[in-house]
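Have the coordinates open while reading.

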Amino acid sequence: MSRSDQVSSDLVYDPMPDEEGIRSFITKCDGFFPPDAVAAGIDQQRKWYDALCAEFTFPHPDGMGVEDDVIGDVPVRHYRPAMVTTNHKIVYMHGGGFVVGSRDSHDSICAEIAQAAGAELIAIDYRLAPEHVWPAQHDDCYRVAQSLLSAGRKLVLVGDSAGGMLAAGLAVRAREEGFGDRILGQVLIYPALGGDLNWPSYGQMANAPGLSTDDVIYYRDVLKAPMDDPFAHALSVEDLRGLPPTYITAAYFDPLRDDGREFTAQLARAGIDVQYREEPQLIHGWLRARHMSDAAKAGFSHLCAAIAQMVG
């Protein structure tokens, strides 16, 4: 099905932020990952993405301990800051449309979050599509979270983009499985939550840099998660009561923007403590721009502060 069949095109234009730092970031990314990358084969997409991620890798904070491990047969990476101020843990799920990404792709992001929060962070290297379709990704993340929860740990669930979808689904499942009181919070970074493709942001930002509406459709098709699956698409959950405190950050120049807006509104109506921050000059994937863009740096600072408050 073409985008024109699913999204109103009367508001489509070529949106672009004004901030110099984020514009430089976009130009740099375009040199590694072309706008039509999803038209290429999976192996090529992963090569481009790995090269892009390597370009935005930064040294770990001093004293950061890093160890690769396996929890419940799922590869993970532990980050332990030199100064740990809490016994609670952060569980991080990376973005990449469920097609690309790994422990390495978000390595410095995870290290900096762990440092800022003063908490150990566990990054999950879940299986990718199309080799593994839904619910393989959710099952991998749940096995890790369940192992930690069963051991008495309390967790803050964090994820960006596809990882935000996974984090939201884990929060719902933990509530259903009776572990809800052990989830201290969920932090969703420009999350994909199953929004309606006719919502304004999918039309207005159809050609946005970083992620297009066609890309969203492609990733949904590859993942093959039913739109009414509450662990896949949190926006389909009818009763949100009992979910943990939530921090959602969205980017204005992102077709997924309205997913964050709408989920914030639904959580608020359900009486959940929810904070929403929308970045007016940022695009999907802005986490990597935190050392190039003042707006991204500020967004990252607010994000880390929210995680630190929850995990502390």
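Is R103 buried or exposed, judged by its relative accessibility? The model is a predicted one. R103 has 18% relative accessibility. Buried means under 20% relative accessible area. R103 therefore counts as buried.

R103 sits in the loop between β3 (89–93) and α4 (107–117). A polar atom of the R103 side chain lies 2.8 Å from the backbone oxygen of V76. V76 is also on the contact list of R103, once neighbours within four places in sequence are set aside.

Next, the backbone. Most residues other than glycine have a negative phi, and most peptide bonds are trans. The table gives the departures from this pattern described here.

| Site | Feature | Value |
|---|---|---|
| F98 | positive phi | about 70° |
| S161 | positive phi | near 60° |
| A129 to P130 | cis peptide bond | omega near 5° |
| W134 to P135 | cis peptide bond | omega about 10° |

F98 lies in the loop between β3 and α4. F98 counts as buried because its relative accessible area is 4%. S161 is placed in the loop between β5 (155–160) and α6 (162–176). S161 is buried too, with a relative accessible area of 10%.

Where do the two prolines fall? P130 is in the loop between β4 (120–124) and α5 (136–150). P135 is in the loop between β4 and α5 as well.

Methods: Residues are numbered from 1 along each chain as its sequence is written. This is a predicted model: local features need pLDDT of at least 70, side-chain atom pairs count only at pLDDT 80 or more; totals for chains, interfaces and linings use all residues. Side-chain values use heavy atoms; hydrogens and water are left out. Helices (H or I, at least four residues) and strands (E, at least two) are DSSP runs, numbered from the N terminus. Buried means under 20% relative accessible area, exposed over 50%, partly exposed in between (1.4 Å probe, protein chains only). A polar contact is a pair of N or O atoms within 3.5 Å; within protein, one must be able to donate a hydrogen and the other to accept it, and residues adjacent in sequence count only if both atoms are side-chain atoms. Contact means heavy atoms within 4.5 Å.
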